[in-house]
Amino acid sequence: MYFRRLADTRIDRDLKQKEVAAILNMSPEVYRRYEKGLREIPVWALLKLADYYQTSTDYLLGRTDDPSAPRA
């Protein structure tokens, strides 16, 4: 499930949910619900996280296990 990948990616970068929520300009409670799978993450937030983490949306969604960003 993609929400587990969101949490794992954040933890791998030693970030707190509060910090990621600030990057997305939302409350920590809303972001926590994305990581818990209680709400679906909006496309704009997924894109912003992929850019921030320098990875692909497919990686964050669990569609691939390759975290490298796509090459242009």
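Predicted model: local features only at pLDDT ≥ 70, side-chain atom pairs only at ≥ 80, totals over all residues.

Trainee: Which residues of α1 and α3 make the contact?

Mentor: Contact means heavy atoms within 4.5 Å. On the α1 side the contact is made by F3, L6, A7 and R10, and on the α3 side by Y31, Y34, E35 and K36. By class, this contact of α1 with α3 has 5 nonpolar, 3 charged and no polar residues. The classes are set by residue type: Ala, Val, Leu, Ile, Met, Phe, Trp, Tyr, Cys and Pro count as nonpolar, Asp, Glu, Lys and Arg as charged, and the others, Gly among them, as polar.

Trainee: How many residues does the largest nonpolar core have?

Mentor: A nonpolar core is a set of buried Ala, Val, Leu, Ile, Met, Phe, Trp, Tyr and Cys residues joined through side-chain atoms within 4.5 Å. Buried means under 20% relative accessible area, exposed over 50%, and partly exposed in between (1.4 Å probe, protein chains only). The largest nonpolar core has 17 residues, and those with the most contacts inside it are L6, Y31, I41, L49 and L60. The elements giving two or more residues to this core are α1, α2 (17–23), α3, α4 and α5. Its largest share, 5 residues, comes from α4.

Trainee: What does L49 touch?

Mentor: Leaving aside residues up to four places away in sequence, L49 touches L6, V20, L24, Y31, I41 and L60.

Trainee: How many salt bridges does the structure hold?

Mentor: A salt bridge is a side-chain nitrogen of Lys or Arg within 4 Å of a carboxyl oxygen of Asp or Glu. The structure holds 6 salt bridges. One of them joins D65 and R5, with the closest N and O atoms 2.9 Å apart. D65 lies in the segment after α5 (57–60) and R5 in helix α1, so this pair ties together parts that are 60 residues apart in sequence. D65 is exposed, with a relative accessible area of 64%, whereas R5 is buried, at 16%.

Trainee: What separates E29 and R33 in helix α3?

Mentor: E29 and R33 are 4 residues apart in helix α3, so about one helical turn separates them. Their salt bridge has its closest N and O atoms 3.3 Å apart. E29 is partly exposed at 34% relative accessibility, and R33 is partly exposed with a relative accessible area of 32%. A further salt bridge links the side chains of D58 and R63 (3.1 Å, N to O). D58 is partly exposed at 33% relative accessibility, while R63 is exposed, with a relative accessible area of 65%. Salt bridges that share partners join E29, R32 and R33 into one network.

Trainee: Where is T55 found, and is T55 buried or exposed?

Mentor: T55 is found in the loop between α4 (43–53) and α5. T55 is buried, with a relative accessible area of 6%. A polar atom of the T55 side chain lies 2.5 Å from the backbone oxygen of P67.

Trainee: Which loop holds D14, and which loop holds N25?

Mentor: D14 is in the loop between α1 and α2, and N25 is in the loop between α2 and α3. D14 is not a glycine, although its phi is positive, at about 55°. N25 is likewise not a glycine, and has a positive phi of about 60°. D14 is exposed, with a relative accessible area of 69%, and N25 is exposed at 71% relative accessibility.

Notes
Residues numbered from 1 in each chain as written. Heavy atoms only, no water. Polar contact = N/O pair within 3.5 Å; in protein donor to acceptor, adjacent residues only side chain to side chain.
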